[in-house]
Amino acid sequence: MKCAIYPYSDDLYVLLEHQERLIDDIKICAVIYPPSWRKQIYHINFLDNISSGSDYEQLIDSVECVIFADIKDRDYMYSDLLQKAECSLSNGKDVIFCTKIDEKDLCRFKKDYPDCAITVKYENKLEIDDAIIYKHEDIKCAAIGVGGLYRGLNHTVAVTEVSFEFQKKEIITTTVVDNATLTLLGFYQFPTHIFESQTDIEQQVGKLNTFFNNLENKTRCDLMVIQFPDGLMKFMDSTMDAYGVKTFMLTRAVSFDYFVLGTLLEITNIKAYDCIRSILSERFNLSMDACVFQPLNIDRESSDEDQKINYTRNRIDERFDHYDELKKTMNNIIVDYYDDNNVYRTIAEDFIKKFS
(Lines give C-alpha, C1' and ligand atoms only; values in the text may rest on other atoms or scores of the structure.)
Protein backbone atom coordinates (compact mmCIF):
# COMPACT_ATOMS: atom_id res chain seq x y z
CA MET A 1 0.00 0.00 0.00
CA LYS A 2 1.56 3.26 -1.15
CA CYS A 3 1.47 5.84 1.64
CA ALA A 4 2.38 9.45 2.31
CA ILE A 5 3.26 10.62 5.80
CA TYR A 6 2.46 14.05 7.27
CA PRO A 7 3.92 15.99 9.01
CA TYR A 8 7.38 14.55 8.42
CA SER A 9 10.49 15.45 10.42
CA ASP A 10 13.75 13.82 11.51
CA ASP A 11 11.92 11.95 14.27
CA LEU A 12 10.52 9.61 11.62
CA TYR A 13 13.45 8.86 9.33
CA VAL A 14 13.81 5.43 10.99
CA LEU A 15 10.57 4.48 9.20
CA LEU A 16 12.26 5.12 5.87
CA GLU A 17 15.45 3.37 6.95
CA HIS A 18 13.48 0.25 7.90
CA GLN A 19 10.79 0.17 5.21
CA GLU A 20 11.00 -3.61 5.02
CA ARG A 21 9.82 -3.86 8.66
CA LEU A 22 6.67 -1.75 8.29
CA ILE A 23 3.45 -3.59 9.11
CA ASP A 24 0.23 -3.85 7.07
CA ASP A 25 2.06 -3.85 3.72
CA ILE A 26 2.85 -0.14 4.14
CA LYS A 27 5.32 1.45 1.72
CA ILE A 28 6.13 5.12 2.31
CA CYS A 29 6.41 6.80 -1.09
CA ALA A 30 6.00 10.45 -0.08
CA VAL A 31 6.81 12.63 2.93
CA ILE A 32 5.18 16.01 3.46
CA TYR A 33 6.34 18.70 5.85
CA PRO A 34 5.03 22.12 6.79
CA PRO A 35 7.32 24.72 5.21
CA SER A 36 8.66 25.88 8.59
CA TRP A 37 9.82 22.31 9.41
CA ARG A 38 12.11 22.03 6.40
CA LYS A 39 15.13 23.10 8.44
CA GLN A 40 14.71 20.07 10.73
CA ILE A 41 15.44 17.49 8.04
CA TYR A 42 19.13 16.66 8.37
CA HIS A 43 18.95 13.03 7.26
CA ILE A 44 18.21 14.10 3.72
CA ASN A 45 19.87 10.99 2.24
CA PHE A 46 16.87 8.91 3.28
CA LEU A 47 14.69 10.98 0.94
CA ASP A 48 16.67 10.12 -2.21
CA ASN A 49 14.00 7.78 -3.57
CA ILE A 50 11.04 9.38 -1.79
CA SER A 51 8.84 12.21 -3.07
CA SER A 52 9.08 15.10 -0.62
CA GLY A 53 7.95 18.66 -0.23
CA SER A 54 5.24 20.85 1.28
CA ASP A 55 2.65 20.72 -1.55
CA TYR A 56 0.15 18.47 0.19
CA GLU A 57 -2.39 17.87 -2.58
CA GLN A 58 0.27 17.17 -5.18
CA LEU A 59 2.14 14.67 -3.00
CA ILE A 60 -0.93 12.65 -1.99
CA ASP A 61 -2.11 12.34 -5.58
CA SER A 62 -0.12 9.16 -6.32
CA VAL A 63 -0.66 7.36 -2.98
CA GLU A 64 -3.49 5.23 -1.60
CA CYS A 65 -3.23 6.22 2.06
CA VAL A 66 -2.04 9.11 4.22
CA ILE A 67 -0.42 8.51 7.62
CA PHE A 68 -0.81 11.32 10.15
CA ALA A 69 2.22 11.15 12.42
CA ASP A 70 2.11 11.44 16.20
CA ILE A 71 3.29 14.95 17.08
CA LYS A 72 4.04 16.79 20.30
CA ASP A 73 2.49 20.03 18.99
CA ARG A 74 -0.94 18.44 18.51
CA ASP A 75 -2.93 21.33 20.03
CA TYR A 76 -1.15 23.85 17.84
CA MET A 77 -1.57 21.81 14.64
CA TYR A 78 -4.92 20.13 15.28
CA SER A 79 -7.01 22.29 12.92
CA ASP A 80 -4.40 21.79 10.20
CA LEU A 81 -4.50 18.01 10.71
CA LEU A 82 -8.30 17.99 10.40
CA GLN A 83 -8.11 20.04 7.22
CA LYS A 84 -5.49 17.71 5.70
CA ALA A 85 -7.50 14.63 6.73
CA GLU A 86 -10.64 16.08 5.10
CA CYS A 87 -8.64 16.76 1.94
CA SER A 88 -7.30 13.19 1.89
CA LEU A 89 -10.65 11.51 2.47
CA SER A 90 -12.48 13.68 -0.05
CA ASN A 91 -9.92 12.54 -2.62
CA GLY A 92 -10.65 8.88 -1.84
CA LYS A 93 -7.52 8.22 0.24
CA ASP A 94 -7.49 5.93 3.25
CA VAL A 95 -6.04 7.48 6.42
CA ILE A 96 -4.08 6.16 9.38
CA PHE A 97 -4.13 8.37 12.47
CA CYS A 98 -1.08 8.01 14.73
CA THR A 99 -1.82 11.34 16.38
CA LYS A 100 -4.92 11.43 18.56
CA ILE A 101 -8.14 12.61 16.92
CA ASP A 102 -11.09 13.72 19.03
CA GLU A 103 -13.88 11.15 19.04
CA LYS A 104 -16.45 13.56 17.56
CA ASP A 105 -14.16 14.30 14.61
CA LEU A 106 -13.36 10.63 14.12
CA CYS A 107 -17.07 9.76 14.07
CA ARG A 108 -17.76 12.53 11.57
CA PHE A 109 -15.05 11.28 9.20
CA LYS A 110 -16.38 7.72 9.37
CA LYS A 111 -19.93 8.92 8.68
CA ASP A 112 -19.02 11.27 5.82
CA TYR A 113 -16.52 8.92 4.11
CA PRO A 114 -17.82 5.36 4.59
CA ASP A 115 -15.87 4.03 1.58
CA CYS A 116 -12.48 5.07 3.01
CA ALA A 117 -10.59 2.99 5.58
CA ILE A 118 -9.92 5.03 8.72
CA THR A 119 -7.47 3.42 11.15
CA VAL A 120 -6.18 4.65 14.52
CA LYS A 121 -2.82 3.51 15.90
CA TYR A 122 -2.70 5.53 19.12
CA GLU A 123 -3.54 4.27 22.60
CA ASN A 124 -3.40 0.58 21.86
CA LYS A 125 -4.46 -0.28 25.41
CA LEU A 126 -4.04 -3.69 26.96
CA GLU A 127 -6.77 -4.58 29.43
CA ILE A 128 -5.86 -3.63 32.98
CA ASP A 129 -7.88 -5.25 35.74
CA ASP A 130 -8.55 -2.57 38.35
CA ALA A 131 -9.05 -5.28 40.98
CA ILE A 132 -5.37 -6.28 40.88
CA ILE A 133 -3.60 -2.98 40.39
CA TYR A 134 -2.06 -3.21 43.85
CA LYS A 135 -0.57 -6.62 43.09
CA HIS A 136 2.99 -5.69 42.12
CA GLU A 137 4.95 -8.34 40.27
CA ASP A 138 8.22 -7.73 38.45
CA ILE A 139 8.32 -8.71 34.80
CA LYS A 140 10.35 -11.88 34.32
CA CYS A 141 12.11 -10.87 31.11
CA ALA A 142 15.12 -8.57 30.97
CA ALA A 143 14.43 -4.84 30.53
CA ILE A 144 16.41 -2.07 28.84
CA GLY A 145 15.41 1.57 29.32
CA VAL A 146 16.14 4.31 26.77
CA GLY A 147 15.58 7.85 27.99
CA GLY A 148 16.58 11.45 27.37
CA LEU A 149 18.28 13.68 29.89
CA TYR A 150 15.87 16.55 29.15
CA ARG A 151 12.37 16.80 27.74
CA GLY A 152 12.19 17.13 23.95
CA LEU A 153 15.29 15.11 23.09
CA ASN A 154 14.52 12.74 20.24
CA HIS A 155 15.66 9.18 20.99
CA THR A 156 13.48 7.27 18.53
CA VAL A 157 16.62 6.20 16.66
CA ALA A 158 18.18 4.75 19.80
CA VAL A 159 15.14 2.72 20.88
CA THR A 160 14.54 1.49 17.30
CA GLU A 161 18.11 0.49 16.51
CA VAL A 162 18.70 -1.18 19.88
CA SER A 163 15.56 -3.26 19.40
CA PHE A 164 16.46 -4.35 15.89
CA GLU A 165 20.00 -5.31 16.95
CA PHE A 166 18.52 -7.78 19.44
CA GLN A 167 16.04 -9.06 16.88
CA LYS A 168 18.92 -9.73 14.49
CA LYS A 169 20.36 -11.96 17.20
CA GLU A 170 17.03 -13.87 17.28
CA ILE A 171 16.16 -12.62 20.75
CA ILE A 172 12.39 -12.25 21.15
CA THR A 173 12.14 -8.51 21.77
CA THR A 174 9.11 -6.40 22.67
CA THR A 175 9.52 -2.65 22.22
CA VAL A 176 7.45 0.09 23.87
CA VAL A 177 7.72 3.58 22.37
CA ASP A 178 6.48 7.05 23.23
CA ASN A 179 5.70 7.95 19.59
CA ALA A 180 2.63 6.13 18.25
CA THR A 181 3.90 6.42 14.67
CA LEU A 182 6.56 3.82 15.50
CA THR A 183 3.81 1.26 16.09
CA LEU A 184 3.96 0.96 12.28
CA LEU A 185 7.21 -0.96 12.93
CA GLY A 186 5.35 -3.43 15.14
CA PHE A 187 6.17 -1.67 18.42
CA TYR A 188 3.72 -0.98 21.26
CA GLN A 189 2.75 2.49 22.44
CA PHE A 190 3.68 3.58 25.96
CA PRO A 191 0.48 3.82 28.08
CA THR A 192 0.74 7.55 28.83
CA HIS A 193 -3.03 7.62 29.39
CA ILE A 194 -2.33 6.09 32.81
CA PHE A 195 -0.63 9.32 33.92
CA GLU A 196 -3.72 11.29 32.88
CA SER A 197 -6.12 9.25 35.02
CA GLN A 198 -7.66 10.63 38.20
CA THR A 199 -6.21 7.86 40.37
CA ASP A 200 -3.45 8.44 42.90
CA ILE A 201 0.24 7.84 42.17
CA GLU A 202 0.29 4.43 43.84
CA GLN A 203 -2.56 3.25 41.64
CA GLN A 204 -0.88 4.66 38.52
CA VAL A 205 2.33 2.78 39.33
CA GLY A 206 0.22 -0.34 39.86
CA LYS A 207 -1.45 0.12 36.48
CA LEU A 208 1.93 0.59 34.79
CA ASN A 209 3.18 -2.58 36.43
CA THR A 210 0.08 -4.47 35.29
CA PHE A 211 0.43 -3.11 31.75
CA PHE A 212 3.98 -4.38 31.36
CA ASN A 213 3.15 -7.73 32.96
CA ASN A 214 0.22 -8.16 30.56
CA LEU A 215 2.43 -7.18 27.64
CA GLU A 216 5.09 -9.70 28.64
CA ASN A 217 2.46 -12.44 28.94
CA LYS A 218 0.96 -11.49 25.58
CA THR A 219 4.23 -11.39 23.63
CA ARG A 220 6.19 -14.03 25.58
CA CYS A 221 9.33 -11.97 25.03
CA ASP A 222 12.85 -12.55 26.33
CA LEU A 223 13.62 -8.83 26.40
CA MET A 224 11.69 -5.58 26.69
CA VAL A 225 13.09 -2.30 25.33
CA ILE A 226 11.18 0.64 26.82
CA GLN A 227 11.39 4.27 25.71
CA PHE A 228 10.90 6.60 28.68
CA PRO A 229 7.93 8.96 28.27
CA ASP A 230 9.57 12.13 29.56
CA GLY A 231 12.87 13.79 30.42
CA LEU A 232 14.73 12.69 33.52
CA MET A 233 15.78 16.11 34.77
CA LYS A 234 15.07 19.82 34.39
CA PHE A 235 17.61 22.20 32.95
CA MET A 236 16.46 25.34 34.82
CA ASP A 237 16.18 25.54 38.60
CA SER A 238 13.74 28.45 38.43
CA THR A 239 10.82 26.31 37.29
CA MET A 240 8.67 24.38 39.72
CA ASP A 241 7.62 21.78 37.14
CA ALA A 242 8.19 18.32 38.59
CA TYR A 243 10.33 16.78 35.89
CA GLY A 244 11.25 13.14 36.29
CA VAL A 245 8.00 12.12 38.02
CA LYS A 246 6.90 9.87 35.14
CA THR A 247 10.36 8.32 35.05
CA PHE A 248 10.24 7.79 38.81
CA MET A 249 6.87 6.04 38.54
CA LEU A 250 8.03 3.89 35.63
CA THR A 251 11.14 2.74 37.49
CA ARG A 252 8.92 1.73 40.42
CA ALA A 253 6.73 -0.29 38.07
CA VAL A 254 9.54 -1.99 36.14
CA SER A 255 12.99 -3.11 37.30
CA PHE A 256 15.51 -2.13 34.61
CA ASP A 257 18.65 -4.17 34.02
CA TYR A 258 20.33 -1.72 31.63
CA PHE A 259 19.89 1.96 30.78
CA VAL A 260 20.82 4.02 27.70
CA LEU A 261 20.94 7.78 28.30
CA GLY A 262 20.37 10.26 25.48
CA THR A 263 22.19 13.51 26.10
CA LEU A 264 23.64 16.65 24.45
CA LEU A 265 27.03 17.23 22.93
CA GLU A 266 27.20 20.58 24.72
CA ILE A 267 27.40 18.77 28.09
CA THR A 268 30.87 17.23 28.18
CA ASN A 269 32.02 17.93 31.75
CA ILE A 270 32.92 14.64 33.47
CA LYS A 271 31.81 16.05 36.84
CA ALA A 272 28.35 16.65 35.38
CA TYR A 273 28.11 12.98 34.44
CA ASP A 274 29.30 11.89 37.86
CA CYS A 275 26.35 13.88 39.24
CA ILE A 276 23.92 12.50 36.64
CA ARG A 277 25.09 8.97 37.35
CA SER A 278 24.48 9.50 41.07
CA ILE A 279 20.96 10.88 40.48
CA LEU A 280 20.07 7.99 38.17
CA SER A 281 21.17 5.52 40.81
CA GLU A 282 19.76 7.16 43.94
CA ARG A 283 16.47 8.53 42.62
CA PHE A 284 15.57 6.18 39.79
CA ASN A 285 17.49 3.00 40.64
CA LEU A 286 19.03 3.09 37.16
CA SER A 287 22.55 2.34 36.04
CA MET A 288 24.14 4.39 33.25
CA ASP A 289 25.44 1.72 30.90
CA ALA A 290 25.55 3.72 27.68
CA CYS A 291 25.52 7.39 26.79
CA VAL A 292 24.60 8.53 23.25
CA PHE A 293 25.26 12.15 22.34
CA GLN A 294 23.11 14.22 20.02
CA PRO A 295 24.81 17.18 18.27
CA LEU A 296 22.48 19.74 19.84
CA ASN A 297 22.67 22.87 21.96
CA ILE A 298 19.92 24.29 24.15
CA ASP A 299 18.72 27.68 22.98
CA ARG A 300 18.44 29.19 26.44
CA GLU A 301 17.08 32.53 25.26
CA SER A 302 14.11 30.89 23.53
CA SER A 303 13.48 28.02 25.93
CA ASP A 304 10.83 28.06 28.60
CA GLU A 305 10.79 24.77 30.48
CA ASP A 306 7.12 25.06 31.38
CA GLN A 307 6.32 25.09 27.67
CA LYS A 308 9.10 23.66 25.53
CA ILE A 309 12.88 23.30 25.44
CA ASN A 310 14.23 24.55 22.12
CA TYR A 311 17.29 22.87 20.63
CA THR A 312 19.58 24.04 17.85
CA ARG A 313 21.83 21.83 15.74
CA ASN A 314 25.48 21.98 16.81
CA ARG A 315 27.32 23.39 13.80
CA ILE A 316 30.76 23.94 15.33
CA ASP A 317 33.54 21.52 16.26
CA GLU A 318 34.77 23.17 19.43
CA ARG A 319 33.07 20.56 21.63
CA PHE A 320 34.57 17.52 19.94
CA ASP A 321 37.91 17.61 21.77
CA HIS A 322 36.03 17.66 25.09
CA TYR A 323 33.84 14.82 23.84
CA ASP A 324 36.85 12.65 22.99
CA GLU A 325 38.29 13.30 26.44
CA LEU A 326 34.95 12.38 28.00
CA LYS A 327 34.96 9.04 26.15
CA LYS A 328 38.33 8.20 27.68
CA THR A 329 37.25 9.22 31.19
CA MET A 330 33.87 7.50 31.51
CA ASN A 331 35.02 4.02 32.49
CA ASN A 332 32.75 1.03 31.86
CA ILE A 333 30.21 3.18 29.99
CA ILE A 334 29.65 3.07 26.24
CA VAL A 335 29.96 6.62 24.90
CA ASP A 336 29.25 7.42 21.26
CA TYR A 337 27.34 9.55 18.74
CA TYR A 338 23.58 9.16 18.49
CA ASP A 339 23.64 8.89 14.67
CA ASP A 340 26.31 6.19 14.53
CA ASN A 341 24.33 2.95 14.16
CA ASN A 342 27.41 0.93 15.14
CA VAL A 343 26.95 2.05 18.75
CA TYR A 344 23.65 0.18 19.00
CA ARG A 345 25.31 -3.06 17.94
CA THR A 346 27.91 -2.41 20.65
CA ILE A 347 25.13 -1.80 23.22
CA ALA A 348 23.41 -5.07 22.32
CA GLU A 349 26.68 -7.01 22.57
CA ASP A 350 27.53 -5.32 25.87
CA PHE A 351 24.13 -6.21 27.31
CA ILE A 352 24.44 -9.85 26.24
CA LYS A 353 27.95 -10.04 27.68
CA LYS A 354 26.77 -8.69 31.04
CA PHE A 355 23.70 -10.87 31.36
CA SER A 356 24.58 -14.12 29.60
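Strands here are DSSP runs (E, at least two residues) and helices are DSSP runs (H or I, at least four residues), both numbered from the N terminus. This is a predicted model, in which local features need pLDDT of at least 70, side-chain atom pairs count only at pLDDT 80 or more, and totals for chains, interfaces and linings use all residues. Residues are numbered from 1 along each chain as its sequence is written, and side-chain values use heavy atoms, leaving out hydrogens and water.

Strands S5 and S6 are joined in parallel by three bridges; two strands count as paired if DSSP finds at least two bridges between them. Now step back to the whole sheet. Six strands make up an open, parallel sheet, ordered S3-S2-S1-S4-S5-S6. S3 (51–53) and S6 (118–120) are at the edges with a single partner strand each, so one side of each has no neighbour in the sheet.

Next, follow S4 (residues 65–68). Four bridges link it in parallel to S1 (residues 2–6), and four bridges pair it in parallel with S5 (residues 94–97). Val-66 is the bridge partner of Ala-4, and Val-66 also stands opposite Val-95 in S5. Cys-65 and Ile-67 point one way from S4, Val-66 and Phe-68 the other way, and all are buried, meaning under 20% relative accessible area with a 1.4 Å probe, protein chains only.

Finally, S4, helix H3 (residues 74–90) and S5 form a right-handed β-α-β unit: with the strands pointing away from the viewer, the path from the first strand over the helix to the second runs clockwise.

Notes. Buried means under 20% relative accessible area, exposed over 50%, partly exposed in between (1.4 Å probe, protein chains only).
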